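Reader: I'd like to learn how to read a few features of a protein model with you. Could you take me through them one at a time?

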Amino acid sequence: MPLYSPHAYDHARPVGSYWETTVPMQEHVYPALEGDAVADFAVLGGGYTGLNAALQLAGAHGADVGLLEGGDIGWGASGRNGGFCCVGGSKHSLGELARKFGQSGAAGFLDYQRRSIDHVAELLNAHDIEAETHSDGELCLAHRPKAMRELEDEAAYLRKTFGVETTLHSREELTEMGVAGPEFFGGAQLDQGFALNPLKYALGLARAASAAGARIFANSQVTSITREGDRWRLVTSNGTLTARKLIMATNGYLQEEVPGAPGKALSGRLLPLLSSVLVTRPLTVAEQAAQGWTSPLMSYDSRRLLHYFRLMPDGRFLFGMRGGTDTTPEKDAETRKEILTDFHRMFPAWREVDVTHVWSGFVCMAASLNPYVGPLDGAPDAFAALAYHGNGVAMGSLSGANVADLAAGSITRDDIPAVARGPLRRFPFPALRKTYLKAAYQWYTLCDEVI
């Protein structure tokens, strides 16, 4: 059984995101798989990871690629996220990674994050993808005075250990920068990353992969994956795709109940987490000034159950949050109330501003709290790249290209950062994953506001 309500996996249900209004419907249209097809590589998942893998295989390796997506291209997290192309990918701090993987291992993963951002920028330029980019770096805002002291300690550690420079801002400096709010007590700015329209980026990748020769099949939900001799056979409602090698790029939208070795290799190893987003109507200059927020910087707060937000080029404001434990229509209504409550509390001058769109989707967590790029145990010639912990725009993109190179044999596992090599272990008692999540959210809420 799926972890969440079938409502969450219904590809016929509109996402309801603002991004859908920015792209003509015909740009989403890719044919469904019909009949029996054969390819060198089968890629399962039409988001950033799968599209990057298909583009790399077809473009750099000249391979015959078939990509299967259960809904429209970009239907999952890649078409509905907040559009933060930034560092991240692990839930561990660099200090925690250094203790587990050594300083060189943590430094290698930090470099991987930087290269992920550069990779996206290069793709946008090389393939003329207009994705409404803006923001030079991102800003972490302390939600309490104690959190600001922690940001100061983290900045000193990053500078001393890894040579990473962050710029610390007092509360008064934030106000001068056009970053004002009752819950911001200072901040730390990192001049890496940028914001974009996530759906325009995803669809641009699809166009590039298709132009390189990859065959993209939308609305082709896989119902079974079997091994037949030295080939993988993927079955959909209207056809089959047979391939020598398989790449799983489903991230938080993995259907664990799909039979076959790849499903078994991933079952119980991932935990989808809900993230919700709202977008307002365009704010006037006067309304921006009334709140004191005029900066285009990507920003997020220091809570464990964080909020993330940015002023977009057309004056709309995007506000997102973690949380929520199910996706039924009733739970969706509760989540809408929660995100509006937090938005109005943190940006009180905009209480009367119309919110035009509210939607949710899954990010993906692994039991190790680290991403994974590599082969699947017990599934020969099958590979996966997934689990970016809410930072998949950049990390998912480079990981898709790298898993393609790994599957094509042009790199080895040693070329993947140690942090992302796994193992991809199971959660203890995986049927209780949502129970763990609810308990964790209660603890995080207590830590964020009291401890």
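**Cysteines, rings and a cavity**

Author: Gladly! Let's start with one cysteine: Cys 140 counts as buried, at 9% relative accessibility. Keep in mind that this is a predicted model.

Reader: How many disulfides does the structure hold?

Author: The general idea is that a disulfide is a covalent bond between the sulfur atoms of two cysteines. In this structure there are 0 disulfides.

Reader: Let's turn to the aromatic rings. How should I read a pair?

Author: A pair of aromatic rings is described by two things: the distance of the centres and the angle of the planes. A search of the whole structure finds 26 such aromatic pairs. One of them joins Trp 293 and Phe 347 edge-to-face, with 5.7 Å from centre to centre and 80° between the planes.

Reader: Where in the chain do Trp 293 and Phe 347 lie?

Author: The pair links distant parts of the chain, 54 residues apart. Trp 293 is in the loop between helix 7 (285–291) and strand 13 (298–301), while Phe 347 is in the loop between helix 8 (329–346) and strand 16 (355–366). Trp 293 is buried at 0% relative accessibility, and Phe 347 is likewise buried at 0%.

Reader: Which residues form the aromatic cluster?

Author: Phe 184, Trp 293, Phe 309, Phe 317, Phe 319, Phe 343, Phe 347 and Trp 350 form one cluster.

Reader: Which charged residues sit over rings?

Author: Here are two cases to look up. Arg 171 lies over the face of Phe 185, 4.2 Å from the ring centre. The charged end of Arg 244 sits over the ring of Phe 41, at 5.8 Å from its centre.

Reader: Finally, how do I read a cavity?

Author: Rolling a probe the size of a water molecule over the atoms shows where empty space is left. This structure holds 1 cavity of 30 Å³ or more, and the largest cavity has a volume of about 120 Å³.

Reader: What lines the largest cavity?

Author: Its lining has 14 residues, and Leu 3, Tyr 9, Leu 254, Glu 256 and Pro 272 lie nearest its centre. By class, 8 lining residues are nonpolar, 3 polar and 3 charged.

Notes
Residues are numbered from 1 along each chain as its sequence is written. This is a predicted model: local features need pLDDT of at least 70, side-chain atom pairs count only at pLDDT 80 or more; totals for chains, interfaces and linings use all residues. Side-chain values use heavy atoms; hydrogens and water are left out. On a 1 Å grid over the protein atoms alone, a cavity is a set of points where a 1.4 Å probe fits but cannot get out, and a pocket is an open set with protein on both sides within 12 Å along at least five of seven lines; lining residues have an atom within 4 Å of a point. Grid points are joined across faces, edges and corners, and a volume is the space filled by probe spheres set on the points. Ala, Val, Leu, Ile, Met, Phe, Trp, Tyr, Cys and Pro count as nonpolar, Asp, Glu, Lys and Arg as charged, and the others, Gly among them, as polar. A disulfide is a pair of cysteine sulfur atoms within 2.5 Å. Buried means under 20% relative accessible area, exposed over 50%, partly exposed in between (1.4 Å probe, protein chains only). Rings of Phe, Tyr and Trp (its six-membered ring) pair if their centres lie within 6.5 Å; planes under 30 degrees apart count as stacked, over 60 as edge-to-face and the rest as tilted. Helices (H or I, at least four residues) and strands (E, at least two) are DSSP runs, numbered from the N terminus. A charge sits over a ring if NZ of Lys or CZ of Arg is within 6 Å of the ring centre and within 35 degrees of the ring normal.
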